[in-house]
Amino acid sequence: MPFQPVTQQSAPEIVFDQIVEGVLSGDLAAGEALPSERELARMLGVSRPTVREALKRVAASGLVTIRQGDGARVQDIARTGGLDLLPRLLIRSGALVPSVARSIVEARAVVGPEVARLAAQRASDDHLVAIRSVLDRLAVEPEPIGQQVAALEFWSAVIDAADSIAFRLMYNSLRAAYEPAVPALAGVLEPEVGNIQGYRALVDTIAAHDPERAEVAARALLEPATSALLALCEALEKAETTPGEGH
């Protein structure tokens, strides 16, 4: 990997980004040993403490393992990485990665109904006020992108009601990965974000503290866009693997 010298003040962050990019791009392969701290410091033009700090962050992300006497060695990110990598994995070299997009859509379809079920069990009056407030904003939002942002806030409020830190952190990572693609997906998601009746039906089941009906309502709300998004991902994957005509 062609490491670049670092001159900015935020040196540890830049070193971290360069190593992470090397791992995610495949330039640094799983099982490969990184150069020593001394060598990395020389290549990057920074101090060894800066390299050490960056490597600790990379290790905390599950991308490398550091062992005394063996230095830093690249891990298999599919086995050791966390959800925080999704935004970096979704967009590579400025382009959407269809297989990663597909996995995010699939996760959304599974997590949404379960979060709705938990919200129906645990929602307080304050939670319901917050959920309805966001839904009211969604109902009057005229712009497609604004509708998607409001829809994201709606699900954030539902997750608050579900009172699950695991689902909250998962949602945060999925949202961070999804938000850059919001403008491109406005047309595909319009039927969902415009389905105010479907959102109201979901809110009614949560307010009634009916977990089973909430799960069904959430699945019904999400399913049309899920099918459309999965079809889009499939088409993009086929376009990647099928040679273009005339080439």
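The model is predicted: local features need pLDDT of at least 70, side-chain atom pairs count only at pLDDT 80 or more, and totals for chains, interfaces and linings use all residues. Residues are numbered from 1 along each chain as its sequence is written, and side-chain values use heavy atoms, without hydrogens and water.

**Largest pocket**
- The largest pocket has a volume of about 590 Å³; a pocket is an open set of points on a 1 Å grid where a 1.4 Å probe fits, with protein on both sides within 12 Å along at least five of seven lines.
- Among its 30 lining residues (those with an atom within 4 Å of a point), Ile104, Arg108, Leu152, Leu174 and Tyr178 are the closest to the centre.
- Helix α6 supplies the largest share of this lining, 7 residues.
- The lining of the largest pocket comprises 25 nonpolar, 2 polar and 3 charged residues.

**Second largest pocket**
- The second largest pocket has a volume of about 260 Å³.
- Its lining consists of 16 residues, with Glu37, Leu55, Ile66, Gly71 and Ala72 nearest the centre.
- Two or more residues each come from α2 (37-44), α3 (48-60), β1 (64-67) and β2 (71-74), and α3 gives the most, 3 residues.
- This lining divides into 7 nonpolar, 4 polar and 5 charged residues.

**Surface around Leu232**
- Leucine 232 belongs to helix α12 (residues 211-241).
- With a relative accessible area of 32%, leucine 232 is partly exposed, a term for values between buried (under 20%) and exposed (over 50%), with a 1.4 Å probe and protein chains only.

Technical notes. Helices (H or I, at least four residues) and strands (E, at least two) are DSSP runs, numbered from the N terminus. Grid points are joined across faces, edges and corners, and a volume is the space filled by probe spheres set on the points. Ala, Val, Leu, Ile, Met, Phe, Trp, Tyr, Cys and Pro count as nonpolar, Asp, Glu, Lys and Arg as charged, and the others, Gly among them, as polar.
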